[in-house]
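Here is a short report on one protein model. Look at the sequence and the structure first, then read on.

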Amino acid sequence: MSWTEDEDREQSLKKTESPQATTDEKSETERDPNKEIWSLLEKTLSENLIEKRRARRWKIFFRFTTLAIFLAVIGAWFAKSNFQDVTLEGDIVAMIPMRGVIGADNEIESSEFVGLLDAAYRNSRLKGVVIEMNSPGGSPVHSGIIYDAIRAKEQNYPEIPVIVVVEDMAASGGYYIASAANEIYADKASLVGSIGVISSGFDASNLLEKIGVERRTFTAGRNKAFLDPFAPMTEEAKLKWQAVLDETHQQFINAVKEGRGDRLVITDDVFSGMVFTGSQAVKIGLLDGLASVNGILDSRFPDAEPVVYEPKQDSWKELAKEFGVEMATKVINTTSIQ
């Protein structure tokens, strides 16, 4: 059943315009003084019911309007996501940000960034690749995979330069990747290098003995639990684990030598795991100079349009992030300190 205000008004008018009803009401009022009060109360309740129904209809209207606006925003966001990779008409330079720890399920994962390289090189208007590096290092495996991918692209496309610009740091695995580029630049205060391998832990075997705890560990293979912090490491395990680290370190050293070539000045500190400032790194050939991203784009690719290639997040996460940033900006702009 449907209801309208007009129907309520018609029913009220019928009651009011009926002569017989008016006569009866007067006679009843004369006989019963309380009848006028009841009539007034009935009229008030009827008008209140009409107002409540009107308010409910407006509430439903605003809810549907809000839902329509929300769906329109979602649709616009997905449309933006779908069209953000539209091919440009002019030359482009691919911007690939590498920020964070290197490794599986971390900010820099080899499978994602190798895919980004492939996507960038599929563009026939590509004139260069600029990697914005800011990483303390991480997995040597993922670092090596990205290094090999960059070197392969350089061999297959020698006319397209790959340039790394270091922000705060390119240390350990971060520099491992950077050394694959044709050129490396950084700020004078950037931290560069840390060409080494580390494996750390602790020996708490004496602690268990002091507190009277006996550890029970069952293994098949005498070296299976050689990194167990609650058991002393044997000399055999120490030698073999050190050999693993030395080999990994040598792989790192070979990659840097291959990437930097004659520009590298080999000193006692270069491969010691020491970190250098940008100014120091230029002197020993770890860097080609001091420059920023904007400086490289202006000087090397003045006529190319920068296009960012980065791992795509879930659209819902991107929307939530952007919405949160917009809300925070509004709060900041409307808040003042008295």
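## A surface patch

L71 is exposed, at 52% relative accessible area (buried means under 20%, exposed over 50%, partly exposed in between, with a 1.4 Å probe and protein chains only). L71 sits in helix α3, residues 34–83. Helices here are DSSP runs of H or I with at least four residues, strands are E runs of at least two, and both are numbered from the N terminus.

L71 belongs to a nonpolar surface patch with I60, F64, L67 and F70. Together they have about 520 Å² of accessible area. Areas come from the Shrake-Rupley method with a 1.4 Å probe, and for residues only the protein chains shown count as cover. Patch residues have over 30% relative accessible area and no salt bridge; nonpolar side chains (Val, Leu, Ile, Met, Phe, Trp, Tyr) are joined within 5 Å, like charges within 9 Å.

## About the model

This is a predicted model: local features need pLDDT of at least 70, side-chain atom pairs count only at pLDDT 80 or more, and totals for chains, interfaces and linings use all residues. Residues are numbered from 1 along each chain as its sequence is written, and side-chain values use heavy atoms, leaving out hydrogens and water.

## Two packed helices

Helix α5 (residues 140–156) packs with helix α8 (residues 235–260). Their axes are 12 Å apart, at an angle of about 25 degrees. Axes are lines fitted to C-alpha atoms, for helices over the stretch in contact, and angles run from 0 to 180 degrees between N-to-C directions. So α5 and α8 are roughly parallel (under 35 degrees; over 145 is roughly antiparallel, 65 to 115 roughly perpendicular, the rest oblique).

## Salt bridges

The count comes to 12 salt bridges. Each one is a side-chain nitrogen of Lys or Arg within 4 Å of a carboxyl oxygen of Asp or Glu. E154 and R151 form one of them, at 3.5 Å from N to O. They are 3 residues apart in helix α5, so about one helical turn separates them. E154 is buried at 9%, and R151 is buried at 18%.

R300 and E183 also meet in a salt bridge, at 2.7 Å from N to O. R300 lies in helix α10 and E183 in strand β4, so the pair ties together parts 117 residues apart in sequence. R300 is partly exposed at 34%, whereas E183 is buried at 17%.
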